[in-house]
Amino acid sequence: MAAAAKHLTPVVMELGGKCPVIVDSDINLQVATRRIIAGKWGCNNGQACISPDYIITMKDYAQKLIDSFKCELERFYGKNPLESKDLSRIVNSNHFARLSKLLDEDKVSSKIVHGGERDKENLKITPTILLDVPRDSLIMNEEIFGPLLPVFLVDKVEDSFDVINLGTKPLAAYLFTNKKKLKEKFVATVSAGGLVINDTTVHLAEPTLPFGGVGDSGMGAYHGKFSFDAFSHKKAVLYRGFACDAFVRYPPYTRGKLGLLRALFDGSILGIIRALLEWSKA
């Protein structure tokens, strides 16, 4: 962006952020769990800009959600995910060390409820779920970009919007619910690059939707015609003839002209007639 700015070249900047997933209780839990898994671990093992970063759900629903994750994760990656050919490696040793640091923080390591196994030599980390992670922990204050999934607890689902809005604007935000009013509030309340209801990451594959960030997650958007528009200058052109030349725009600017302009702006027919009559007398 700095390099482009030197030449006044327009840019679209897609960054990342902590993409939240709100999980309500009135859902098809198996389908929701599978779609979150596909967006998180199936999508390069969490190493994607729109990957679900953390889950927000109610305290009295969390255990049911975690049990569903455990069941579906074993179904997809087996009893030993480190041996699964369907689970991506961590991109390099630096990122492996960064993710390990997030997991090994004192206030976080005791919160692991599933996974957490690591193979440093092969740069593999199993799908890891953490329950009730402190808000001030490292893992809740930077983009994870890996296979770790914290679960943040709230008393009621509506509190999720406040949790999201306390942080920076994410590249994507996801909601699983069947409640119409909750969907409407989600769309109206949450500011993010893109929103998906009852799925994750699929908006990236839809060419008729603009894809991009807002605030800390980027600027501008692309995909389909939006890509063309992003780098096209919208040149304004106005054609006029020579008739109906408005004398009030030219000096001298008299009281009569000012009165006529005020009447025109007010949209008052009587005011316009009055101003014209006063103009003719002058």
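Predicted model: local features only at pLDDT ≥ 70, side-chain atom pairs only at ≥ 80, totals over all residues.
Local features require pLDDT of at least 70 and side-chain atom pairs pLDDT 80 or more, while totals for chains, interfaces and linings use all residues. Residues are numbered from 1 along each chain as its sequence is written, and side-chain values use heavy atoms, without hydrogens and water.

Seven strands form an open sheet with mixed pairing, in the order E4-E7-E8-E3-E2-E9-E10. Strands E4 (112-114) and E10 (194-197) are the edges, each pairing on one side only. From one strand to the next, the twist averages 25°. Helices (H or I, at least four residues) and strands (E, at least two) are DSSP runs numbered from the N terminus; two strands pair if DSSP finds at least two bridges between them. E4 is joined to strand E7 (residues 128-131) by two bridges in the antiparallel sense, and Ile112 has Leu130 in E7 as its bridge partner.

Helix H4 (residues 93-104) packs on the sheet, with contacts (heavy atoms within 4.5 Å) to E4, E7 and strand E8 (148-154). The direction of H4 makes about 35° with that of E8; axes are lines fitted to C-alpha atoms, for helices over the stretch in contact, and angles run from 0 to 180 degrees between N-to-C directions. Helix H7 (residues 180-189) lies across strand E2 (19-23), strand E9 (172-176) and E10, at about 170° to E10.

Helix H10 (residues 269-281) contains Ile273, which is partly exposed at a relative accessible area of 43% (between the limits of under 20% for buried and over 50% for exposed; 1.4 Å probe, protein chains only).
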